[in-house]
Number of protein chains: 2
Amino acid sequence: MSPVPRRRKDARPAELLEAALEVFAEKGFAAARMEDIAARAGAAKGTIYLYFPSKEAVFEALVRSAIVPNLERAEALAAAHQGPVAPLLRELMGLLETMIRDSRLVVLPRLMIGELYKFPELARFYRATVIDRGLGLIAAMHRKGVEQGEFRPEDSDAVARLVIAPVLLMAIWRTVFAPYGDEPFDPAPVLRAHVEILLRGLAP
Amino acid sequence: MSPVPRRRKDARPAELLEAALEVFAEKGFAAARMEDIAARAGAAKGTIYLYFPSKEAVFEALVRSAIVPNLERAEALAAAHQGPVAPLLRELMGLLETMIRDSRLVVLPRLMIGELYKFPELARFYRATVIDRGLGLIAAMHRKGVEQGEFRPEDSDAVARLVIAPVLLMAIWRTVFAPYGDEPFDPAPVLRAHVEILLRGLAP
DNA sequence: GATTTTAATGACTGACCAGTCAGTTGCCGG
DNA sequence: CCGGCAACTGACTGGTCAGTCATTAAAATC
């Protein structure tokens, strides 16, 4: 009836991913309809298939584009840091806290956990690029702290997992129970206690 | 063709839930077919609908039957305990660790996180019956430790969340990445470090 | 052993939706 | 101003599956 092409080839993929994030967040991967994603980006269903070969490909592109840049920022932050590790850890935690509260990306952990096991390839990519790299970043911080006599020796990989576990769980908590109008739940006190207990627990 | 009624009304529901757990674990809620669940329980699809009104109802019954009894066991354990809290916490952690390694219930956290937000009623039930109760149990332990001078004062609800976060994350980790033949990942060292750091971090 | 009750069956229906493709429209170069 | 191309459209197809229900036969009752 009213096909109104706009010649926006360059902008399209990003717009579609933005829309996909919203729809996936609301309905989950399986229940999200390609037509909804397209509509929210102001396009028709067929348009998506000009840029992505399948629904799974959209999910994969979304994950890549949303996570990798953030990880790189965190790495830059850590690389630039000098002196004792504790303040860096606090800073990183504060950053993650604001992400949990403000960013629309909070839904990603829930989405990944709920759907990742169905996408072997994406799971492998994610594990190598996000998890191993993210854990590596934190493990390196811990190792540096041990060298500087700031921390007691301990399995650094295990410590890295323990550092991020509460952060992920707060993100999940928010998105699983938020939709039902319950009081929104403030992750701040939990994360504050987390840093406190963690730094005391790691001290020599 | 071959309807072979056996008069097993009493045993059926449990058998069906057992089968449902397996199928949900393999495929997730959305992709699990009612016919598969029935077949695995040695029944036809229609049989399920004699005992459960819908697929969602099966999921709900499964969650209830699988989690509540375990929670009650943990509560009994805590109620019977005397003296310092730390050993009780270690014992509880050991119990959870074997559950993560051995029980077929490990998949439930992943399943709940992936699907719970679609079931408002179940989410509310779960939150009241499992989460608030489970967190309450651990928070009470912490409070008792504070009273006995064993722990430094700290937000007990936050501590409870911090105690279980790594446990949940290890369970999720196992079930998200396990299917791809990667090395199975041993949660033991992480949980050992967790208890160690936690108890040091909580000490006065 | 006839009758009733009840567990169980599985073919069928209706709804849903990912992915396709023939067709439409605006843009641009000549 | 026209012909061809590039972006876009949305009706359509093929497949899937939750839930239904007429039918079957074992077990219970008399």
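Visitor: Over residues 10–70 of chain A, what percentage is helix and what percentage is strand?

Guide: This is a predicted model, in which local features need pLDDT of at least 70 and side-chain atom pairs count only at pLDDT 80 or more, while totals for chains, interfaces and linings use all residues. Residues are numbered from 1 along each chain as its sequence is written, and chains are lettered from A and ligands numbered from 1 in the order in which they are written. An unreviewed UniProt entry annotates residues 10–70 of chain A as "domain: HTH tetR-type", with positions in the numbering used here, feature names shortened, and annotations that may be inferred rather than shown by experiment. Taking helices (H or I, at least four residues) and strands (E, at least two) as DSSP runs numbered from the N terminus, this stretch, whose end C-alpha atoms are 22 Å apart, is 75% helix and 0% strand.

Visitor: How many helices and how many strands does chain A have?

Guide: From the N terminus on, the elements of chain A run α-α-α-α-α-α-α-α-α. Counted by kind, chain A therefore has, under the DSSP rule, nine helices and zero strands.

Visitor: How far apart are the centres of the two domains of chain A?

Guide: An automatic or database domain assignment supplies the bounds, and it divides chain A into domain 1 (13–51) and domain 2 (55–202). Taken over C-alpha atoms, the centres of these two domains are separated by 27 Å.

Visitor: Which helix gives the most to the side of domain 1 of chain A that touches domain 2 of chain A?

Guide: Two residues are in contact if their C-beta atoms, placed from the backbone, lie within 7 Å. The contact takes nine residues from domain 1 of chain A and 11 residues from domain 2 of chain A. With five residues, the helix that gives the most to the domain 1 side is α1 (residues 12–27) of chain A.

Visitor: Which helix supplies the largest share of the side of chain A that touches chain B?

Guide: The contact between the chains takes 39 residues from chain A and 38 residues from chain B. On the chain A side, α6 (107–115), α7 (120–147), α8 (156–177) and α9 (188–202) each supply at least two residues. The largest share, 12 residues, comes from α8(A).

Visitor: Through what rotation is chain A superposed on chain B?

Guide: The copies are superposed by least squares on the C-alpha atoms of residues with pLDDT of at least 70 in both. The shift along the axis is 0.0 Å and the RMSD is 0.1 Å, and the rotation is 180 degrees. The two copies are thus related as by a two-fold rotation axis, so the rotation asked for is 180 degrees.

Visitor: How many of the nine residues of helix α6 (residues 107–115) of chain B are buried?

Guide: A residue is buried if 20 or more other C-beta atoms lie within 10 Å of its own, exposed if 12 or fewer, and partly exposed in between, with C-beta atoms placed from the backbone. The buried residues of α6(B), among them Arg110(B) and Glu115(B), pack against α6 and α8 of chain A as well as α1 (12–31), α4 (55–80), α7 (120–147) and α8 (156–177) of chain B. The helix is largely enclosed by the rest of the structure because the number of its residues that are buried is nine of the nine.
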